[in-house]
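Reader: I am new to this structure and would like to learn how to read its features. Please take them one at a time.

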Amino acid sequence: SCGKVRCSTNLAGSTKCEQNLHGKVKPLLLSASGKARGTSGLVHRSQVLKHQHHLSVRSTSTDVCTTFDEDVKGVSSHAVEEKVGVLLLNLGGPETLNDVQPFLFNLFADPDIIRLPRLFRFLQRPLAKLISTFRAPKSKEGYASIGGGSPLRKITDEQANALKVALKSKNLEADIYVGMRYWYPFTEEAIDQIKKDKITKLVVLPLYPQYSISTSGSSIRVLQNIVKEDQYFAGLPISIIESWYQREGYVKSMADLIEKELSVFTNPEEVMIFFSAHGVPLTYVKDAGDPYRDQMEDCIALIMEELKSRGTLNDHTLAYQSRVGPVQWLKPYTDEVLVELGQKGVKSLLAVPVSFVSEHIETLEEIDMEYRELALESGIENWGRVPALGCTSSFISDLADAVVEALPSASAMVTRKVKDTDSDMDMMHYLTKMFFGSVLAFFLLLSLSL
């Protein structure tokens, strides 16, 4: 029932890759005539904001974070006609197999994904190049198995279109924009279009139910850096919905999907409900104060409480998937728990991808193929999987309510200039670091055992 939404940058044609000034690989879009068409004019200079003063505004159903400054001259809704914009933030995904390696580079070049100490921060890009080069062949196999690319952009566009319709039914006319963190359309491009459209009030809605510094946090920091550089956005009233897993509409929508899939089993009451959440490195939680684990456990408790109120009393468990590298991630791990459940005699399992509201490689390939096969090999006989929320009407309606509730708290965002002793603005300093980083990456490539 969901159609396409007009993208924030309406471009069509084949896709090639080029590298912009700050190192992010961006698609170069060609028109029918073969001439390159423009991409975002924004230059994202600062990588991370180390400090920020902000005031959190909380409601009973949604965490909304805005920042206030009485001295900032914002866009006056009294002087011009109010134009509301909603910016949906998501991860992004490669649309073709040729996009996989540059997409992985963008991912691992993000300092919120690979958090290097300041002393070794000059290795970020060489390390991202190294990891993306080695991981690309295996990742291509995964994307090939689900049709040759990620469906994430298509689904997110459909959700944006559905949200626009839902907001209109609630008497709110709004322009919806989609900004992806690591692939087209990039967050910077969506923000550039918001400026061109002269939006006077903006709600930022990450499509991640739970907040993590590596998902919502990373995308929000892109916005903060642009606000710091751009006078228009510095004065634009903005409301950021940081997390929304605790909203009644979301919880009930998840419970609805679980109930529906349980009814497919011959003996629904015997089915173990298996929540599989995307993991993050343990250091994010212990050292960086990431609230992701606490919010995830709270989310599961709310969903199970809703199911219990409906008479569904199944056992459940939570595990974390998609770990990468030798470092310790949040436990227990999904693959290990599946083996343990099989050994304990569990015969029926319903997998619930609780981190995701759209189907993509972690659900279509990792859960539906890898984990399903592992579960059956471990002795689990009956397997089921709850689909992602997608354009479920109750879910979209709840997101629309969240936007409406967030609008009154929109206010100008301000960021404090921070001294960065590791600044890349000194060209000689930058070139020196890149030289030694490239040399190290070269030797690492020659020494596969490392």
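Author: One note before starting: this is a predicted model.

Reader: Which residues of H4 are buried?

Author: They are Thr187, Glu188, Glu189, Ala190, Ile191, Asp192, Gln193 and Ile194.

Reader: Can we try a loop residue next? Where does Ile213 lie?

Author: Ile213 sits in the loop that links strand E7 (201-206) to helix H5 (216-229). Ile213 is buried, because its relative accessible area is 10%, under the 20% limit.

Reader: What does Ile213 touch, not counting residues up to four places away in sequence?

Author: Its contacts are Asp112, Arg115, Ser218, Arg221, Tyr284, Ala288 and Asp290. Also, the C-alpha atoms of Ile213 and Val280 are separated by 9.5 Å, while the two residues are 67 residues apart along the chain.

Reader: How do I read a sheet?

Author: Strands of a sheet pair through backbone hydrogen bonds, in either a parallel or an antiparallel way. Here, 4 strands make an open sheet with parallel pairing, in the order E10-E9-E11-E12. Strand E10 (316-321) and strand E12 (382-385) are at the edges with a single partner strand each, so one side of each has no neighbour in the sheet. On average, neighbouring strands of this sheet are turned by 25° against each other, direction ignored.

Reader: How many bridges join E9 to E11?

Author: There are 5 bridges between strand E9 (residues 272-278) and strand E11 (residues 348-353), and the two run parallel. Ile273 stands opposite Leu350 in E11.

Reader: Which strands does helix H7 lie across?

Author: Helix H7 (residues 248-262) lies across E9, E11 and E12, and runs at about 155° to E11.

Reader: How is a pair of packed helices described?

Author: The description uses the angle between the two axes and the distance between those axes. Helix H10 (residues 334-343) packs with helix H11 (residues 361-377) at an angle of about 25°, and their axes are 8 Å apart. That angle makes H10 roughly parallel to H11. The crossing of the two, H10 and H11, is right-handed.

Reader: Which residues of H10 and H11 meet?

Author: From H10, Thr334, Asp335, Leu338 and Val339 meet Tyr371, Leu374 and Ala375 of H11. By class, this contact of H10 with H11 has 5 nonpolar, 1 polar and 1 charged residues.

Key: Residues numbered from 1 in each chain as written. Predicted model: local features only at pLDDT ≥ 70, side-chain atom pairs only at ≥ 80, totals over all residues. Heavy atoms only, no water. Axes fitted to C-alpha atoms, helices over the stretch in contact; angles between N-to-C directions. Parallel < 35°, antiparallel > 145°, perpendicular 65-115°, else oblique. Left-handed = near helix turned anticlockwise from the far one by under 90°. Contact = heavy atoms within 4.5 Å. Nonpolar A, V, L, I, M, F, W, Y, C, P; charged D, E, K, R; others polar. Buried < 20%, exposed > 50% of the residue type's maximum accessible area, 1.4 Å probe, protein only. Pairing = 2+ DSSP bridges.
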